[in-house]
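Subject: Handover of a structure

Dear colleague,

Please find the structure below, together with its sequence.

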Amino acid sequence: MYRYDEHDRRIVVERARQFRTQVARRISGELTEEEFRPLRLQNGLYIQLHAYMLRIAIPYGLLSATQIRKLADITRKYDRGYGHFTTRQNLQLNWPRLEDVPTILDELASVEMHAIQTSGNCVRNVTSDPFAGVARDEDVDPRPYCEILRQYSTFHPEFATLPRKFKIAVTGSKNDRAAIAVHDIGLRVLKNDAGEIGFEVYVGGGQGRTPMIAPRIRAFLPERDLLAYTEAILRIYNQLGRRDNLYKARIKILVHETGVPEFTRLVEEEFARIASDEGLVLTPDEIARVTRHFEPASYETTPATPTLEGLTLGKDRTLARFVEANVLPHRVAGYAIVQISLKSERLPPGDVTHVQLDAVADLADRFSFGRAVVTHRQNLVLTDVKIAALAALHADLAKHDLATPNVGRVTDIVACPGLDYCDLANARSIPVAADVASRLRTLEQEQDLGPITLNISGCINACGHHHVGNLGILGIDKLGEEFYQLTLGGDHTETAAVGKILGRAFAADEIAGAVEKTVRTYLALRTSRDETFLAVYRRVGPTPFKEAVYGAHPASSQRTAA
Amino acid sequence: MALIRRRASAPRREPRAADFEIASDDSWLSIADDASVPATGDVIVSLARFMAESEALLAREGRLGVRVPNDTLPELLAPLATSATLIALDFPTHRDGRAYSLARWLRSRFGFRGEIRATGKVVRDQLANLARVGFDSFELARGSAELALASFDDFTVHYQATSDQPLPLWKRAARA
Ligand code: SF4
């Protein structure tokens, strides 16, 4: 993984020092809260319902065991012993004290981490495929380009006060596991017929109150032009993006209102002006330098390497279910990708305790070259586990409640913090996730429900990515009461789609039942086990689900005004 | 309100506190649109007035500065770049970053060599960024000018190429 040199190190150290003086100015009263706000927001420090919240950047989700141990230690020393992984592969601390935050930043800097640009109207943490570097279907490893973009965007002086936040995702596979279609810029790195590396460029996707699937504005951008093209997009957006209305300020609205051809023309025109700037053209040397940091691990291969298919699990049904749900084939023979579900019965989705973090660090050291990856579905991945060691790893994971065999299944619920923490929320997310999971757990164990994604957001800001869940749940406020809208058909992959609202919203005690009916309807309609929920929904449309959930005469089943 | 500006002797390079000073003299007078322009002296007029009266303004004695609203289309900057000595870019709030891109365009696309001044809601914590995209002087809205000056040294390394630094870090430094 990328290791800092003296320059990278100096930047995070100087940032921590600068923030320490800003906090001191706030505490002394020199800065009012209003003046301090934009400063703390450039550093991932929010005020939530009950306390400050600090969002720590995990660039493209990749962590070393040392970093994970440090995070465990920080949650122990400065928080309540747990953290929350977000849908943008970051980690949030829910209870830090303002006066401790500079020290937390020092501690992070000591392990090459920071909280830079995890909030504010700037370029945020660049996200990527959690299986980058090990996926069988990968064309090009996206991580070197993520790191190049991370450095380019870190404290970029021109783009620190954009109209709104700006999110970039990069994937290196046709099968998109980075949800590039719903990002401000989505990049797919690939090789053309001549073997040259370049990018498909998508711009203007997004979630929130106006979900949009990003149009492609470039079919092949040579890798040397990555920074110039990104800069052209950012400059056009900085100049023309709307600033009169917070809800229309994202680049997706600019692209939509300008029209894709005209927007593309503006970008291409600016790009043509700056494409040969010495400051922007990426050289093969620089790409090679960064790529060296992501060289493959030193895999051992022996003549008798076991395969996943050939794995004899004996009578151990628990292990078999774990392997079936959480373990994926690796590009190197004898190895597997192991996903760790953070969706057990005991903790809210994405939450992890300091004890679990320490355990993951140890297991990463023992089984996976000392690395782990955070996914945008709020789980963790050990990317390089020997197939022969799966049983031992599983046993250790189970000791820490980290072996729930449900990744990609319906109880692998993505949820934002919602009204339990977030002051923007309309409704709670965490209890709804718990309700839905407890209703569906048995069904999931009895019947193979196949892959289903279920996402919950506590308000239209859509941090829980409900628009792109196969099932999406959105918390809304109706006359001061918490209600939930159900959407079906969302998809965050290469066949991306925004889910459609099924019908009237549900009260808090009805929503889990509606989800269960939806899932049972799917079971009844599928022609075989291989037909996924999404495939069935695309085949039959919403009507059978509507009838199942609302009854044949939806109007008569209304309990509360919709 | 204090004015901070790049020292006349300072090289164009990534900002350091030593390259800037608190100005005790400022020859520029900002003229409102309904006020008459004095016959001599350095004046700053609005872009609208410049476009309407450019001949007269350029014929007078004294240097010319132009106030440019931050939503100005970049194409309109071209004539300014050759005829103005100072361009003042406004920050209606410090969260509105359009003027950063205008400054970049002035320097790189239009080759403007004169002074670019930041006016409006300018605060200490944005000075280094402003300098990096091409600003030379800053009308500080509030706060201590000395502390603001010191803030240029908050960061001693920058990744990007910008108006004052044509090369990105990886072309300037040997990196592992
Ligand atoms: S979706 Fe809404 S409630 Fe949930 S974390 Fe985001 S802002 Fe808060």
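To begin within chain A, helix α3(A) passes helix α4(A) in a right-handed crossing. Please note that this is a predicted model. Helix α3 of chain A covers residues 65–78 and helix α4 of chain A covers residues 101–110; their axes come within 10 Å and cross at roughly 165 degrees. Angles over 145 degrees count as roughly antiparallel, and α3(A) and α4(A) are therefore roughly antiparallel to each other. On the side of α3(A), the contact is made by K70(A), L71(A), D73(A), I74(A), K77(A) and Y78(A), and on the side of α4(A) by T103(A), I104(A), E107(A), L108(A) and S110(A). These contact residues of α3(A) and α4(A) comprise 5 nonpolar, 2 polar and 4 charged.

A further helix pair in chain A is formed by α6(A) and helix α8 (residues 260–274), which pack at an angle of about 125 degrees with their axes 8 Å apart. The two helices, α6(A) and α8(A), are therefore oblique to each other, and their crossing is right-handed. From α6(A), the residues A228(A), Y229(A), E231(A), A232(A), I233(A), R235(A), I236(A) and L240(A) take part; they meet F263(A), L266(A), V267(A), E268(A), E270(A), F271(A) and I274(A) of α8(A). Of the residues in this contact between α6(A) and α8(A), 11 are nonpolar, none is polar and 4 are charged.

Helix α6(A) also takes us to chain B. The contributing residues are E231(A), R235(A), N238(A) and Q239(A) from α6(A), and R98(B), S101(B), L102(B), R104(B) and W105(B) from α3(B). In the contact of α6(A) with α3(B), 2 residues are nonpolar, 3 polar and 4 charged. E231(A) and R235(A) are named in the contact with α3(B) and also in the contact with α8(A).

How many residues of chain B are in contact with chain A? There are 38 residues of chain B in contact with 44 residues of chain A. The two chains bury about 3,700 Å² between them, with 50% of that area on carbon and sulfur atoms. In chain B, the residues that lose the most area to chain A are F155(B), Y159(B) and W170(B), which together account for 19% of what that side buries.

Finally, the ligand is surrounded by residues of chain A: C416(A), P417(A), G418(A), C422(A), L424(A), A425(A), G458(A), C459(A), N461(A), A462(A) and C463(A). This shell around the ligand divides into 8 nonpolar and 3 polar residues, with no charged ones.

Yours sincerely

Technical notes: Residues are numbered from 1 along each chain as its sequence is written. Chains are lettered from A and ligands numbered from 1 in the order in which they are written. This is a predicted model: local features need pLDDT of at least 70, side-chain atom pairs count only at pLDDT 80 or more; totals for chains, interfaces and linings use all residues. Side-chain values use heavy atoms; hydrogens and water are left out. Contact means heavy atoms within 4.5 Å. Helices (H or I, at least four residues) and strands (E, at least two) are DSSP runs, numbered from the N terminus. Ala, Val, Leu, Ile, Met, Phe, Trp, Tyr, Cys and Pro count as nonpolar, Asp, Glu, Lys and Arg as charged, and the others, Gly among them, as polar. A residue is near a molecule or strand if one of its heavy atoms lies within 4 Å of it. Buried area is the accessible area (1.4 Å probe) that two parts lose on being put together, summed over both. Axes are lines fitted to C-alpha atoms, for helices over the stretch in contact, and angles run from 0 to 180 degrees between N-to-C directions. Angles under 35 degrees count as roughly parallel, over 145 as roughly antiparallel, 65 to 115 as roughly perpendicular and the rest as oblique. A crossing is left-handed if the near helix is turned anticlockwise from the far one by less than a right angle, and right-handed if clockwise.
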